[in-house]
2 protein chains.
Amino acid sequence: MTSAQQQALADEYRDRLLNDTLPFWFPRCVDETHGGYFSFFDRGGSLIDTDKSVWAQGRMAWLLATLHATVEPRPEWLSWARHGIDFLKTHCVDADGQLYFQVDREGRPLRKRRYAYSEAFMAMALAAYARAAADDDAAREARQMFAAFRHLTTAPGLLPAKTDPSTRPAKSLGIPMITMGVAQTLRESLGDDGELRALIDTCIEEIRSDFVHPELECVLETVAPDGSFLDHVDGRLLNPGHAIEAAWFILEESRARGGDADLTALGLQILDWMWARGWDTEHGGLLSFVDVRGLPVQEYWHDMKFWWPHNEAIIATLSAWLLTGDALYARMHDQVHAWAHDHFADAVHGEWYGYLHRDGSVASGLKGGLWKSAFHLPRMQLTCWQLLTRAG
Amino acid sequence: MTSAQQQALADEYRDRLLNDTLPFWFPRCVDETHGGYFSFFDRGGSLIDTDKSVWAQGRMAWLLATLHATVEPRPEWLSWARHGIDFLKTHCVDADGQLYFQVDREGRPLRKRRYAYSEAFMAMALAAYARAAADDDAAREARQMFAAFRHLTTAPGLLPAKTDPSTRPAKSLGIPMITMGVAQTLRESLGDDGELRALIDTCIEEIRSDFVHPELECVLETVAPDGSFLDHVDGRLLNPGHAIEAAWFILEESRARGGDADLTALGLQILDWMWARGWDTEHGGLLSFVDVRGLPVQEYWHDMKFWWPHNEAIIATLSAWLLTGDALYARMHDQVHAWAHDHFADAVHGEWYGYLHRDGSVASGLKGGLWKSAFHLPRMQLTCWQLLTRAG
């Protein structure tokens, strides 16, 4: 890639972010009456449910504050970020301090789940806002919320396990991976006295020693507490997009340390293995789930193509190419960029479809819901634009 | 349909049941070492996980005992039924009396869920076994287990609700429907002093008044406690196969009462509306989920074709035809019978695939798992064979 081609690609990501993705969501999703953000939208941007996803509140507030801090200080970005954080603080925290998963339009609780990801995304939002608004209270609250997330995910027995730990103790890739990602956000926004870096090291070592399985040439999603393979449907289940997200977090960590050969090698290894597992050589695109031995998986929608793994793979391949200069990664980036834009991008109404059939045809007109909001797609566009600009 | 055609169709269902479906499962699924039944099988019948589904234990023991009582008294059917019931009693009941959802091969607990369907299927198994073995203890245990199911599903707050009842109280079609189905099984197996019939009446009235919505021309899955429509993604979600299952339960009730015009009309109305909602006019087969207003649904796999709604629709259309003689239902039966056998039946390894893409291509080689076991397909084959034989 020449530097002119890099510049053109950077411009493409910037333009799609600023002129396609953000205008789909804002100001449409901002609930001026009851606070917070809507996220249930159909293809054309009509609101199909007024319920609110707590994950979406944190993720979208993080995005807006990050745009304000790193792109340009548009006042509406900051005030909309504050709008989401206010809703989170006022309505999304249960009496026990844990966050809900879904609330109604007015902010009354609907669902609470056995995860702490609401806490993780709220910590990211608070940290990004603290930086954007130079708000020390928000910085303090971000650290408190991250501590709450850490407590929930490390204190034994606090969150109910998926399988009875007395029969089959298990742990998930999501915990060290999201812990690392939030710690990176806190460090970027609030600085670090060394504690966050040490925690990131611990997370990466746990991923390397317990979830990366060289004898299987893959990253497992669920393993025994000592990292051993659980030969059951859940233990064999691979989530290529999720592992590829972990890969680019690790490549980012290498970059943040000025290029760490060991971390770069780990990130590339994860990307290589999980691309080989997930890329659909018949129809293109990334499969959602595959079994480590090619057996049938319990998730019967396994071969659908979801938008977000493609966002993660676009970032990971670009990051790998910029770190190594290896043309293999430029080709992989071209490949996933082209397939994703050919199939997910909605040329009529903007933004991306979320859910395709295996053959790439659209399975749902849902543009947003409990899981899809203004997050993975704009994060990818912003991250790729910034990666290319920094490199250029 | 001439009586010769009816006889040929009866023979076809009988032959598929006895010579295709049952040989796929038995004796393969019987765990002679640790008790109970395996259910995780791939296309060719290889075991892909030794974990055990508690639903499957009850459902398969019910099937075996029912075969023994209504087809012929093969000793292996009765002893395999006992085998499943023993495993349920020994391993699947928690200290609080509630049943687990998934246990490991040795019967140690893995998962417990916020439903009481494990209890419902175990009550059905015990009742059918009591009849097959003329076992008074099993009859007593069946009534106790049904009482436990009733207690769990009627005592306020005992089972956690999906959405916070203080914000959005809701109830599900599954409760009156499964209550009715289990009550019908208990009555058929153990007799009735009038209490079961009264309970069935209550269930049917609840379905009619609260879940059947003539103004929307459909049966809703989730409504407010007073039956009003919840205009949110969950409230708008239709599950055509589930409602069509309710339809044939109601048609069976009409038949059990010697033909009840009111019940027949209700069952036919549900079948007509939900067929119109669920039948895929483009590719054939029944869609898994549709939104009452045609909006996108949160379940992104909504347009997959699952095996079991086709089993329910084959029974419902045949039952409707035999009750009314209306050629419309004979044509609908032909249509769903043909599509299902063309797409789900595995000509090489027997039994049916469980999960197809919308276009009818196979999405998974899974022949059994947590949800699919020897239940919906053989129940359909047995029920249709018996309906045609009784009518012939």
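Two strands pair if DSSP finds at least two bridges between them. Strands (E, at least two residues) and helices (H or I, at least four) are themselves DSSP runs, numbered from the N terminus. This is a predicted model, in which local features need pLDDT of at least 70 and side-chain atom pairs count only at pLDDT 80 or more, while totals for chains, interfaces and linings use all residues; side-chain values use heavy atoms, with hydrogens and water left out. Residues are numbered from 1 along each chain as its sequence is written, and chains are lettered from A and ligands numbered from 1 in the order in which they are written.

Start with the sheet in chain A. Three strands make an open sheet there, in the order E3-E4-E5. The pairing is antiparallel. Strand E3 (52–53) and E5 of chain A are the edges. Each has a single partner strand, so one side of each has no neighbour in the sheet. E3(A) pairs with strand E4 (residues 102–103) of chain A over two bridges, in the antiparallel sense. Look at Lys52(A): its bridge partner in E4(A) is Val103(A).

Now turn to chain B. Here too, three strands form an open sheet in the order E3-E4-E5, with antiparallel pairing. Strand E3 (52–53) and strand E5 (109–111) of chain B are the edge strands, and each pairs on one side only. Strand E4 (residues 102–103) of chain B runs antiparallel to E5(B), and two bridges join them. Within E5(B), Arg111(B) stands opposite Gln102(B).

Next comes a helix residue in chain A. Ser118(A) is in helix H4 (residues 117–133) of chain A. Is Ser118(A) buried or exposed? Ser118(A) is buried, because its relative accessibility is 5%; buried means under 20% relative accessible area, exposed over 50%, and partly exposed in between (1.4 Å probe, protein chains only). Leaving out residues up to four places away in sequence, Ser118(A) touches Val54(A), Trp55(A), Leu99(A), Tyr100(A) and Phe101(A). Contact means heavy atoms within 4.5 Å. Gln57(A) is 61 residues from Ser118(A) along the chain, yet their C-alpha atoms are separated by 8.8 Å.

Another helix residue of chain A is Leu328(A), found in helix H12 (residues 327–343). Leu328(A) counts as partly exposed because its relative accessibility is 34%. Thr317(A) is 11 residues from Leu328(A) in sequence, and the C-alpha to C-alpha distance is 9.1 Å.

Several backbone details deserve a look. In chain A, the peptide bond from Phe26(A) to Pro27(A) is cis, with omega near 5°. Pro27(A) sits in the loop between helix H1 (3–25) and strand E1 (40–41) of chain A. In chain B, a cis peptide bond joins Phe26(B) and Pro27(B), with omega about 5°. The loop that holds Pro27(B) lies between helix H1 (3–25) and strand E1 (40–41) of chain B.

Positive phi values also turn up in chain B. Ala134(B) is not a glycine, but its phi is near 50°. Ala134(B) lies in the loop between helix H4 (117–133) and helix H5 (136–154) of chain B. Ala134(B) counts as exposed because its relative accessibility is 66%. Glu217(B), also a residue other than glycine, has a positive phi of about 55°. The loop around Glu217(B) runs between strand E7 (212–213) and strand E8 (218–219) of chain B. With a relative accessible area of 47%, Glu217(B) is partly exposed.

Finally, see how the two chains meet. The size of an interface is often given as the accessible area lost when the parts come together. Between chain A and chain B, the buried area is about 3,400 Å². This is the accessible area (1.4 Å probe) that two parts lose on being put together, summed over both. Carbon and sulfur atoms give 57% of the area. The contact takes 38 residues from chain A and 38 residues from chain B.

How many salt bridges are there between chain A and chain B? The count is two. A salt bridge is a side-chain nitrogen of Lys or Arg within 4 Å of a carboxyl oxygen of Asp or Glu. Asp51(A) forms a salt bridge with Arg168(B), with the closest N and O atoms 2.7 Å apart.
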